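Hi,

Here is the structure I promised to pass on. Have a look, and then read on for what turned up.

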Amino acid sequence: MFFLWLYMFYSCAGSCAGLTTRGSPPPPRILLPGEGSSVEQQQAPPDGPSPPISSFFNGSGTKRLPQAIIIGVKKGGTRALLEFLRVHPDVRAVGAEPHFFDRNYERGLAWYRDLMPRTLEGQITMEKTPSYFVTKEAPARISSMSKGTKLIVVVRDPVTRAISDYTQTLSKKPDIPTFESLTFKNRTTGLIDTSWSAIQIGIYAKHLENWLLYFPIGQILFVSGERLISDPAGELGRVQDFLGLKRIITDKHFYFNKTKGFPCLKKAEGSSKPHCLGKTKGRTHPDIDQEVVQRLRDFYRPFNMKFYQMTGQDFGWD
């Protein structure tokens, strides 16, 4: 009897050690140093695939340098475009303007990347800084970061843009000279002061020449600031196509706010409530001497014609 018991004991020693409760997974294997303890080498649980590797480390993706940048222009509608684009689930954008390629370039690309939102695979990282378009060094610097960067320029009738620019400055500095006096070097001769930034920014053809030294025209999308107001879904459709995104932002996302005079979002990013741009947008312009307005239109006309030829688009400014 003793020998029978001893035989059963030794027989079970090997096989019984592997018995577990029916249906339960085997105990996890503890990896020793040097055996490969990375997440990639661990086996996924039997009830489904493992989550993305990035989720183990940061929970919400990776910070990347932008693949697309809204480079201009000031008072053209860049804020509206960015806010509209952020509705798209595959677009992640910085809210504030980084001003990396014009004011903070010495901080380096690592600093710039750290400003970016985290993105998942398939999402686009974006930023917007309108002053890039008129910054001489910006094209070479962006090209140095990535020659494949997609660029977006929101343009607007340069006369209206100049008045809007002045209006913004006036709201901060009520004691500045009149628009009319700033427009001319000599009003008697009608010589326009192109050194004034409000005038100089609107010479779009001149600035574009600098960008075309580093980027092909097909890599730059020109958005009409006027159509962004009259047909936001149409312009957003072009932008989504340019970025290689599915056309998710459509007419259903917008309503026209008569008080502000431009479209607003029915639902903003991360919210279920309607959203219009802040009170700094859509300011009432001061009355400008119509003779000055006409002189400005005459001044800009040849530059506008050249810009139309360069872009292949007639924006309808007169």
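Which residues have the most contacts inside the largest nonpolar core? They are Ile71, Phe101, Tyr132, Ile142, Trp211 and Phe307, in a core of 29 residues. (A nonpolar core here is a set of buried Ala, Val, Leu, Ile, Met, Phe, Trp, Tyr and Cys residues joined through side-chain atoms within 4.5 Å; buried means under 20% relative accessible area, with a 1.4 Å probe and protein chains only.) Strand 2 (68–72), helix 5 (138–145), strand 6 (150–155), helix 9 (204–211), strand 9 (220–224) and helix 12 each give this core at least two residues. Helix 9 has the largest share, with 4 residues. Another core lies apart from it, with 28 residues, including Leu81, Leu221, Val239 and Phe262.

Before you go further: this is a predicted model, where local features need pLDDT of at least 70 and side-chain atom pairs 80 or more, while totals for chains, interfaces and linings use all residues. Numbering starts from 1 along each chain as its sequence is written, and side-chain values use heavy atoms, without hydrogens or water.

As for the whole protein, there are 12 helices and 11 strands (DSSP runs, numbered from the N terminus: H or I of at least four residues for helices, E of at least two for strands). Of its 318 residues, 41% are buried.

One more residue to look at is Asn304, in helix 12 (residues 290–311). Asn304 counts as buried because its relative accessibility is 5%. Beyond its neighbours within four places in sequence, Asn304 is in contact (heavy atoms within 4.5 Å) with Pro158 and Trp317.

Cheers

How values were computed
Buried < 20%, exposed > 50% of the residue type's maximum accessible area, 1.4 Å probe, protein only.
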